[in-house]
Amino acid sequence: MAYTVDSEKCVNCGTCEPDCPVGAISEANDKRVIDAEKCISCGTCAADCPAEAIAE
């Protein structure tokens, strides 16, 4: 199951994007989003998110 970003918690800091090994994270509407088709559920983004906005 792919990880998702809680848009209410996301502060759009961008910490998660460069750490994604498959490039599944991008910016949309001033928030980060995760492409479920690309996500490999590694959890790196969730571990790095200072706002705790990413979960599986």
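Reply: A term to start with. Buried means under 20% relative accessible area, exposed means over 50%, and partly exposed is in between, with a 1.4 Å probe and protein chains only. This is a predicted model, where local features need pLDDT of at least 70, side-chain atom pairs count only at pLDDT 80 or more, and totals for chains, interfaces and linings use all residues. Residues are numbered from 1 along each chain as its sequence is written, and side-chain values use heavy atoms, with hydrogens and water left out.

Me: Is Cys10 buried or exposed?

Reply: Cys10 is buried, at 9% relative accessibility.

Me: How many disulfides are there?

Reply: The count is 0 disulfides, taking a disulfide as a pair of cysteine sulfur atoms within 2.5 Å. Cys10 is in none, and its nearest cysteine sulfur belongs to Cys16, 6.6 Å away. Cys20 is in none either; there the nearest cysteine sulfur is that of Cys42, at 6.1 Å.

Me: And Cys20, buried or exposed?

Reply: Buried, with Cys20 at 16% relative accessibility.

Me: New topic. How do strand 2 and strand 3 run?

Reply: Antiparallel, joined by 4 bridges. Strands here are DSSP runs of E, at least two residues, and helices are runs of H or I, at least four, numbered from the N terminus. Two strands pair if DSSP finds at least two bridges between them. Ile25 has Ile34 in strand 3 as its bridge partner.

Me: What happens at the turn of that hairpin?

Reply: There are 2 residues between the strands, and Asn29 has a positive phi near 55°. Asp30 also lies in the loop between strand 2 (25-28) and strand 3 (31-34). Asp30 has a positive phi of about 65°, though it is not a glycine. Asp30 is exposed, with 58% relative accessible area.

Me: Where does Ser41 lie?

Reply: In the loop between strand 3 and helix 2 (44-48). Ser41 has a positive phi of about 55° and is not a glycine. With a relative accessible area of 24%, Ser41 is partly exposed.

Me: Back to strand 3. What does Arg32 do there?

Reply: Arg32 lies in strand 3 and is buried, at 12% relative accessibility. Its side chain makes a polar contact of 2.8 Å with the side chain of Asn12. A polar contact is a pair of N or O atoms within 3.5 Å; within protein, one must be able to donate a hydrogen and the other to accept it, and residues adjacent in sequence count only if both atoms are side-chain atoms.

Me: What else is in contact with Arg32?

Reply: Leaving aside neighbours within four places in sequence, the list includes Val5, Cys10, Cys16 and Glu17. Contact means heavy atoms within 4.5 Å.

Me: Which residues have the most contacts inside the largest nonpolar core?

Reply: Tyr3, Ile25, Ile34, Cys39, Cys45 and Ile54, in a core of 14 residues. A nonpolar core is a set of buried Ala, Val, Leu, Ile, Met, Phe, Trp, Tyr and Cys residues joined through side-chain atoms within 4.5 Å. Ile34 touches Tyr3, Ile25, Cys39, Cys45 and Ile54, among others, not counting residues up to four places away in sequence.

Me: Why would such side chains sit together?

Reply: In soluble globular proteins, nonpolar side chains tend to be buried together.

Me: Last one. Where is Ala51?

Reply: In the loop between helix 2 and strand 4 (54-55). Ala51 is partly exposed, at 25% relative accessibility. Beyond neighbours within four places in sequence, Ala51 is in contact with Lys9 and Val11. Ala51 and Val22 are 22 Å apart, C-alpha to C-alpha, and 29 residues apart in sequence.
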